[in-house]
Amino acid sequence: MRFNFRSTVQTTVTMGVAIAALSFPSLPAVAQTLSEKILAMETSLEREFEDYFGADLAEVTQNPADIAQTLAEVGTATGTKPAVLWAIPRGDHLHLVLITPNGEPVVRDLYDVDDATLRRTVRAFHREIQFSLSGNPLQGSQQLHQWLIEPFEADFLATEEIDTILFCLGNGLRSLPLAALYDGEQFLLEKYSLTRIPAFNLIQTDYVNLDAGAFLAMGASQFEDQSPLPSVPLELDTITQELTVARPPQAQWQGETFLNEAFTLDNLERSLSTQQPEIVHLATHALFEGNDPESSYIQLWQNKLRLSDFDEISWNSPAIELLILSACRTAVGDDEAELGFAGLALQAGVKSAIASLWDVSDTGTLILMSEFYRQLGQTTTKAEALRQAQLAMLRGDARIAEGQLVLPRGTMPLPEVLQDTDITDLSAPFYWAGFTMISSPW
């Protein structure tokens, strides 16, 4: 499909061409107008999340120049080259904006991609992933890559050596499995660390190197009214091993683990208060549905922790760097459910979150989490640790063979309850693309 797009380019020379062609009065006036439009877009996103959660959130204060400077500063601190890409459906077209470190905004409006066309393609992409358990690229992934990435890739992403993309997505795109977008040769995961953000002004942009700290790991393998998660005990044991005994003494974490009957709200709140963990890992069912935060929940042992109750818990006391939900799903195609999912870190008051867009297999979850925690602290950013874990699955470095979990660090036996699994190849996007970073990649 050919694009019919209108663009505003970032450099003085090309901006000048655009001014001449479109008869704008002067360069400063055009830049100011564009800055105001991006601020208005960020403000609109902020209000959308505020309305959904019924809460006041951070104020929109960073204009495009501030955002570009922040990207440059955090890029220097982390040794990365981050960029922000907004993709906002606007009824009759798809509105795209890219900001790179110390750069001016680059705008692309795709008038061949109306909302109906976009949503139809996203739904088809989700169906392809769910029903194709091979590693073959999918048609929808290539079309969406062509729309979202190609307008910027050659001239900006590649030229500026961008390696981390923060996606701010509008309605209908928030549940998109970004890692599985495909350019005809590579998945997006193979080129960039990825995260989805509610708005740039709503995320924490400070950088903390996750060396050794405190962690809390909780979960349930049995439920009264939901399907069991038999690999959860091993998942919690693996997390503990990767953060403690598998590391040198100076890099070992301290933590608590609670399973099944001990997975209670009282234990959660007590551990948050006394241990003040930097990482909280919840291995349990979680569901994001529409209507309002009351419809979405995290399943504890006997209770449901509603998203609407999150603000009653001291998640950010003093500051949680990472919240992980390893067995959750969102109602794909439901705009309000996707708002709740995209705003998970906001509502919990944590810096970053990792969650799954759909029900990923127990075995796939176990393997990905094992490798993620091995990478955490060895890579500079949390998003890169997740990327490396997903790449291990995509490339076959993390797999199942002869009843063993084969991981880059060695092998370990499958739990007895998973011994009869017929899953061996975990390279298909279904197994790894559902896991996504939410909010800050740092």
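Biologist: How many aromatic pairs does the count come to?

Modeller: This is a predicted model, so local features need pLDDT of at least 70 and side-chain atom pairs pLDDT 80 or more, while totals for chains, interfaces and linings use all residues. Residues are numbered from 1 along each chain as its sequence is written, and side-chain values use heavy atoms, without hydrogens and water. Rings of Phe, Tyr and Trp (its six-membered ring) pair if their centres lie within 6.5 Å; planes under 30 degrees apart are stacked, over 60 edge-to-face, and the rest tilted. By this rule the count is eight aromatic pairs.

Biologist: How many residues apart are phenylalanine 187 and tryptophan 432?

Modeller: Helices (H or I, at least four residues) and strands (E, at least two) are DSSP runs, numbered from the N terminus. Phenylalanine 187 is in the loop between strand S5 (164–169) and strand S6 (193–197), and tryptophan 432 is in helix H13 (residues 429–432). The pair thus links distant parts of the chain, 245 residues apart.

Biologist: Are phenylalanine 187 and tryptophan 432 buried or exposed?

Modeller: Relative accessible area (1.4 Å probe, protein chains only) sets the class: under 20% is buried, over 50% exposed, in between partly exposed. Both phenylalanine 187 and tryptophan 432 are buried.

Biologist: How much space lies in the largest cavity?

Modeller: On a 1 Å grid over the protein atoms alone, a cavity is a set of points where a 1.4 Å probe fits but cannot get out, and lining residues have an atom within 4 Å of a point. Points are joined across faces, edges and corners, and the volume is the space filled by probe spheres set on them. There are four cavities of 30 Å³ or more. The largest holds about 120 Å³.

Biologist: Which elements give two or more residues to the lining of the largest cavity?

Modeller: The lining has 17 residues, and the closest to the cavity centre are Ala179, Leu194, Gln390, Phe435 and Thr436. The elements asked for are S6, helix H12 (382–394) and strand S17 (435–439).

Biologist: How many disulfides does the structure hold?

Modeller: A disulfide is a pair of cysteine sulfur atoms within 2.5 Å. Cysteine 168 is buried, with a relative accessible area of 0%, and cysteine 328 is also buried at 0%. The number of disulfides is zero.

Biologist: How far from the sulfur of cysteine 168 is the nearest cysteine sulfur?

Modeller: Cysteine 168 is in no disulfide. The nearest cysteine sulfur belongs to cysteine 328, and the distance is 20 Å.

Technical notes
On a 1 Å grid over the protein atoms alone, a cavity is a set of points where a 1.4 Å probe fits but cannot get out, and a pocket is an open set with protein on both sides within 12 Å along at least five of seven lines; lining residues have an atom within 4 Å of a point.
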